[in-house]
Amino acid sequence: MYSDPRKPIEELSLIFNAIGWEKRLCDLTEKQVQTLIFGLQNSQRIEGEITIGKLEDIYYESTGQTATTSLPF
């Protein structure tokens with residue numbers, strides 16, 4: 001039986017505890033990246049903790065790109 005999904009930060013912590021916090025993203029294997037993506041996709045939605053508007057602002061500040069969740073009007 002599966003338990004309730006973890007919060008995204010908890011899931012990220014679990015994965016990096018297994019992979020190793022000292023590893024750089026560019027040093028991750030393809031398998032480790034797939035594990036990270038899978039774990040985060042199956043965690044709780046982050047919108048439950050932070051408003052979508054704030055997340056879009058953070059995304060833009062970090063990437064310089066508009067998030068795909070934004071409405072074009």
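This is a short tour of the structure, stop by stop, with something to select at each one.

Before you start, know that the model is predicted: local features need pLDDT of at least 70, side-chain atom pairs count only at pLDDT 80 or more, and totals for chains, interfaces and linings use all residues. Residues are numbered from 1 along each chain as its sequence is written, and side-chain values use heavy atoms, with hydrogens and water left out.

**Stop 1: helix α1**

Select residues 8-19, which form helix α1. Helices here are DSSP runs (H or I, at least four residues), as strands are (E, at least two), numbered from the N terminus. The end C-alpha atoms of α1 are 16 Å apart, which agrees with the 16 Å that its twelve residues should span at 1.5 Å a residue; the expected span is 1.5 Å times one less than the number of residues.

Now colour P8, E11, I15, F16 and I19, the buried residues of α1. Seen down the axis of α1, these buried residues fall within an arc of 125°, so they line one face of the helix. Buried means under 20% relative accessible area, exposed over 50%, and partly exposed in between (1.4 Å probe, protein chains only). The arc is taken from the directions from the helix axis to the C-beta atoms. Turn to the face away from the buried side and you will find the exposed residues I9 and N17. Just after α1, pick G20, which takes a positive phi of about 120°.

**Stop 2: helix α2**

Next, select residues 30-41, helix α2. Which residues of α2 are buried? They are Q32, L36 and G39. These residues cover an arc of only 70° around the axis, which puts them on the same side of α2. They pack against α1, and α2 in turn is part of what covers the buried residues of α1. Contact means heavy atoms within 4.5 Å.

The face of α2 turned away from its buried side carries the exposed residues E30, K31, F38 and Q41. Click on Q41: it counts as exposed, at 62% relative accessibility. The C-alpha atoms of Q41 and E11 are separated by 9.8 Å, although the two residues are 30 residues apart along the chain.

**Stop 3: the nonpolar core**

Show the side chains of I15, F16, I19, L28 and L36, the five residues of the largest nonpolar core. Helix α1 gives the most to this core, with three residues. A nonpolar core is a set of buried Ala, Val, Leu, Ile, Met, Phe, Trp, Tyr and Cys residues joined through side-chain atoms within 4.5 Å. Stay on I15 for a moment: leaving aside neighbours within four places in sequence, I15 is in contact with T35, L36 and G39.

**Stop 4: the segment before α1**

Select D4, found in the segment before α1. D4 is exposed, with a relative accessible area of 68%.

**Stop 5: the largest pocket**

Finally, select R45, I46, E47, L55 and Y59, which are the closest to the centre of the largest pocket among its 20 lining residues. The volume of this pocket is about 610 Å³. Which helix gives the most to the lining? That is α3, with seven residues; α1, α2 and α3 (52-63) each supply at least two.

On a 1 Å grid over the protein atoms alone, a pocket is an open set of points where a 1.4 Å probe fits, with protein on both sides within 12 Å along at least five of seven lines; lining residues have an atom within 4 Å of a point. Grid points are joined across faces, edges and corners, and the volume is the space filled by probe spheres set on the points.
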